[in-house]
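This report concerns the structure shown below. It is written for a reader who wishes to follow the text with the coordinates at hand.

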Amino acid sequence: MATVKNLTLYTAKVCPYAQRVEIAFEEAGVKPTKYQINLQDKPEWYAPNVNPASKVPAIAYGGPQVPPDQPSPESTKLAESLVLVEFVADLYPNSKLLPNDPVKRAQARFFIEFVTNKVVSPFFAFSIRGEPAEPLLAGFEALQGQLDKGTFAVSDDFTIADVALAPFLGRIELLTREDVGLFKEGEGRKVWQEIFEGPRFKRVQDYFKAVSSRPSFKATFDADFLLEGAKARYAKLGPRKQ
């Protein structure tokens, strides 16, 4: 991988939004300077000097070469995961993350909006608020209907659409398999068996296998770290549904 000068990625291993950008860099074959932000104890300089929203991911681009914890006011600061994924795709077109065909580009952007509403939001409701699993299962049913264009979301090429979903799909598989969340005990495992083992979602299973086997996903998804952190966070959020 090439090292990029004067480009710092502010990230956090726990954050699926940050993982999107890390996957994009891996797909581009580029190694940016990375600075891990502790989301529970953010540096005082981070919000005023990098991202006023105090969120990750963020990028400092250009300007003089400085330590990442001393970002230069001369560098351009960029934020929001999907903006950054497309920024990486534009910087490194050989990554092929943005399809050349404008129809495929539109389909990729539609897919991102679609899975945010149909899969990501219902999973948060199920895992964090202990709401019923039916909307999540319905979302995966809808997702399966979208996976009809090739190996990946919009074709046989891995694109921004797959980058956007992969971190969440990985966490859904991991946390339901390990039954970690505020849903009733055993409900996560039932959902995992339905989505990732049963015959109903064969296309989703094939898609997840293709996504999770990519080197870019493997390099940015630390299952043990994420599982340990999730158990601790859910324990603080409150008791499971009974």
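The sections below treat a helix pair, backbone features in loops, and individual glutamate residues.

The model is predicted.

**A helix pair and an annotated span**

UniProt places the feature "domain: GST C-terminal", from an unreviewed entry, at residues 101-237. This span is 73% helix and 0% strand, and its end C-alpha atoms lie 45 Å apart.

Two packed helices are described by the angle between their axes and the distance between the axes. For helix α4 (residues 102-129) and helix α6 (residues 160-177), the angle is about 20° and the axes are 9 Å apart. Angles under 35 degrees count as roughly parallel, and α4 and α6 are therefore roughly parallel to each other. Their crossing is left-handed. On the α4 side, the contact is made by Ala108, Arg109, Phe111, Ile112, Val115, Val119, Val120, Phe123, Phe124 and Phe126. From α6, the contributing residues are Ile160, Ala161, Ala164, Leu165, Phe168, Arg171, Ile172, Leu175 and Thr176. By class, the residues of this contact comprise 16 nonpolar, one polar and two charged.

**Backbone features in loops**

Most residues other than glycine have a negative phi, and most peptide bonds are trans. The loop between α2 (46-49) and β3 (58-61) contains Pro57, and the peptide bond from Val56 to Pro57 is cis, with omega near 5°. Ser54 is found in the loop between α2 and β3 as well. Although not a glycine, Ser54 has a positive phi of about 60°. Glu80, also not a glycine, has a positive phi of about 80° and is placed in the loop between β4 (76-79) and α3 (81-91).

**Accessibility and contacts**

| Residue | Relative accessibility | Class |
|---|---|---|
| Glu22 | 9% | buried |
| Ser54 | 18% | buried |
| Glu80 | 42% | partly exposed |
| Glu185 | 69% | exposed |

Glu22 lies in helix α1 (residues 16-28). Because its relative accessibility is 9%, Glu22 counts as buried. Leaving aside neighbours within four places in sequence, Glu22 is in contact with Leu9, Thr11, Lys34, Gln36 and Thr220.

Glu185 is located in the loop between α6 and α7 (187-197). At 69% relative accessibility, Glu185 counts as exposed. Not counting residues up to four places away in sequence, Glu185 touches Asp179 and Arg240. Glu185 and Arg240 are 55 residues apart along the chain, and their C-alpha atoms are separated by 7.2 Å.

Methods. Residues are numbered from 1 along each chain as its sequence is written. This is a predicted model: local features need pLDDT of at least 70, side-chain atom pairs count only at pLDDT 80 or more; totals for chains, interfaces and linings use all residues. Side-chain values use heavy atoms; hydrogens and water are left out. Axes are lines fitted to C-alpha atoms, for helices over the stretch in contact, and angles run from 0 to 180 degrees between N-to-C directions. Helices (H or I, at least four residues) and strands (E, at least two) are DSSP runs, numbered from the N terminus. Angles under 35 degrees count as roughly parallel, over 145 as roughly antiparallel, 65 to 115 as roughly perpendicular and the rest as oblique. A crossing is left-handed if the near helix is turned anticlockwise from the far one by less than a right angle, and right-handed if clockwise. Contact means heavy atoms within 4.5 Å. Ala, Val, Leu, Ile, Met, Phe, Trp, Tyr, Cys and Pro count as nonpolar, Asp, Glu, Lys and Arg as charged, and the others, Gly among them, as polar. Buried means under 20% relative accessible area, exposed over 50%, partly exposed in between (1.4 Å probe, protein chains only). UniProt positions are given in the numbering used here, feature names are shortened, and annotations may be inferred rather than shown by experiment.
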